Amino acid sequence: MENAFIIKGGNKLKGSIKLSGAKNAALKIIIAALMFKNKVTIKNVPRIKDVEELIHLLTTLGAEVDFHDRHTLEIDGKGLKSNKVDLLHASKIRVSFMLFAPLLHKFSTCYVPNPGGCRIGARPIDRIIDGMKSLGIRIEYDSDTGFYYAQVKSKIQGYYKYPKVTHTGTELLIMLSVLGDDKVILDNTALEPEIDDLIRFLNLAGARIKQLGKKITILPVKELKQKDAFEINSDRNEAVTYASIATASKGEIMLSPIQPEILKTFTAKMKQIGAEVENIGKSLIRFGYAGPLKASSVQTSPHPGFMTDWQPCWAILMTQAKGESVIHERVFENRFSYVTELRKLGADIDFVKIPVKNPAEYFFFNFSPDKKYHQAIRIRGPQDLHGGVLNVADLRAGATLATAALIADGESVINGASIIERGYENFVEKVRSLGGEIKKL
Ligand code: EPU
């Protein structure tokens, strides 16, 4: 047996965690750095498998990307020599499709593989492709090869309103527009904090991006030049994972550095269920168990709503809370892979059908009336969990199963540990520092 975690549950997890840089900011900022005229330095880059895969992919294209120290990455895109993204490497890292931006700027044409569906849903990029076309990019898909061919027709300029918000879709069109030819207006954009980080990174290098609510205006500039090293903010998903681990185990945790603002929806829900939440200064939050938890339902939605990445953690908290709660997933069409696994540990969870008046509007994925969806679960708690053998299907589900194992009675085996390591730096070390019994095989 390899690529597994062995976890002995039942300890109260207590302590402090220094959060790592945000995965979903780092990946896009690293790609955007390829568009800079000079060498770019990024600090607080998380040492996770997704970052490793991306670096590997970029070096196959000719970029120089090296860690200067443990978390400081230097990126030099000058040497980009290929306009074709390698299919095998791209298949390992979904954000590879964001390479449209640096490759089109450098070569005016490029070949990028379709990222395709994944374990959390079909994940088409139709809105992104339509947006690229609206901005003056010719783009065709060859279903025989699985590659998109893109070409800048004449000028990058124009207006695009996303029919539904998309996080990476907003980021990619921003990246395509900063070095464009004329003004670009993007409407109905996503509001995720990682997008703010990308905008800050680009504006500090001379870009002219203005964000007003869900409208973003980009005036093109001739070049992007970094003056000072850029630091990635902490990972809000990592924060929520550890807050849930500590609270579900009846322990407590100090998390830093983290801006309380970006966790506001989560912290409000934590208070509602009876957990202790204390903002200490500007960048430290304490979460703690303060007596029996009360059940509370959530529905996921893009920022500033209750994030889809947080609902698997919420499910664990709800197995420990008194009463019945419902989790309604609106963002991805397949984000309950953990349910069958949690049932193995004794959790009382069922799929339920919640009537929705206008599903095409209510859900953020492309809803089809002919498809069968499992978008909601009901959890009854509190329920003692026991150990078991669990299989990880996707990143957040993986962290959730590890959390379940940490509060369960006895020993558990979590197969697919490397999926967790795609997005969590030093997971084993951090859990151990809180008093959790975990080892990797
Ligand atoms: N969608 C389409 N067509 C598009 C674009 C999106 O149908 O052209 C659908 C998606 O399939 C999804 C919904 O619209 O059902 C929202 O997708 P969005 O584009 O907003 O998500 P994403 O950009 O693919 C990012 C994060 C996710 C995070 C979501 C929501 C990265 C690399 N990924 O995904 O993170 O859950 O935003 O904030 O930034 C994770 O870290 O585990 C993760 C999945």
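Begin by selecting aspartate 235: setting aside its neighbours within four places in sequence, this residue is in contact with Ser20, Gly21, Ala22, Lys23 and Ile258, where contact means heavy atoms within 4.5 Å. The model is predicted: local features need pLDDT of at least 70, side-chain atom pairs count only at pLDDT 80 or more, and totals for chains, interfaces and linings use all residues. Residues are numbered from 1 along each chain as its sequence is written, and side-chain values use heavy atoms, with hydrogens and water left out.

**Around aspartate 235**

Aspartate 235 sits in the loop between β13 (230–231) and α8 (236–248). Such helices (H or I, at least four residues) and strands (E, at least two) are DSSP runs, numbered from the N terminus. Is aspartate 235 buried or exposed? Its relative accessible area is 5%, so aspartate 235 is buried; buried means under 20%, exposed over 50%, and partly exposed in between (1.4 Å probe, protein chains only).

Next, display the side chain of aspartate 235. It reaches the backbone nitrogen of asparagine 237 at 2.8 Å and the backbone nitrogen of glutamate 238 at 3.0 Å. Then select proline 46: its C-alpha atom is separated from that of aspartate 235 by 9.1 Å, although the two residues are 189 apart along the chain.

**The ligand**

Now select the ligand. Of the 26 residues around the ligand, Asp126, His167, Thr168, Asp309 and Val331 come nearest; a residue is counted as near if one of its heavy atoms lies within 4 Å. By class, this shell has 11 nonpolar, six polar and nine charged residues. Here Ala, Val, Leu, Ile, Met, Phe, Trp, Tyr, Cys and Pro count as nonpolar, Asp, Glu, Lys and Arg as charged, and the others, Gly among them, as polar. Colour the helices α1 (23–33), α5 (126–134), α6 (167–178) and α13 (395–407), each of which supplies at least two residues of the shell.

Lysine 23 places a polar side-chain atom 2.9 Å from an oxygen atom of the ligand. A backbone N or O atom of arginine 127 lies 2.8 Å from a ligand oxygen atom. The protein buries 93% of the 840 Å² that the ligand exposes when taken alone, by the Shrake-Rupley method with a 1.4 Å probe.

**The two domains**

Finally, colour domain 1 (4–20 + 234–440) and domain 2 (23–231), into which the protein chain is divided; the bounds come from an automatic or database domain assignment. Their C-alpha centres lie 29 Å apart, and the contact takes 32 residues from domain 1 and 26 residues from domain 2. The shell around the ligand draws at least three residues from each of these domains.

How values were computed: Polar contact = N/O pair within 3.5 Å; in protein donor to acceptor, adjacent residues only side chain to side chain.
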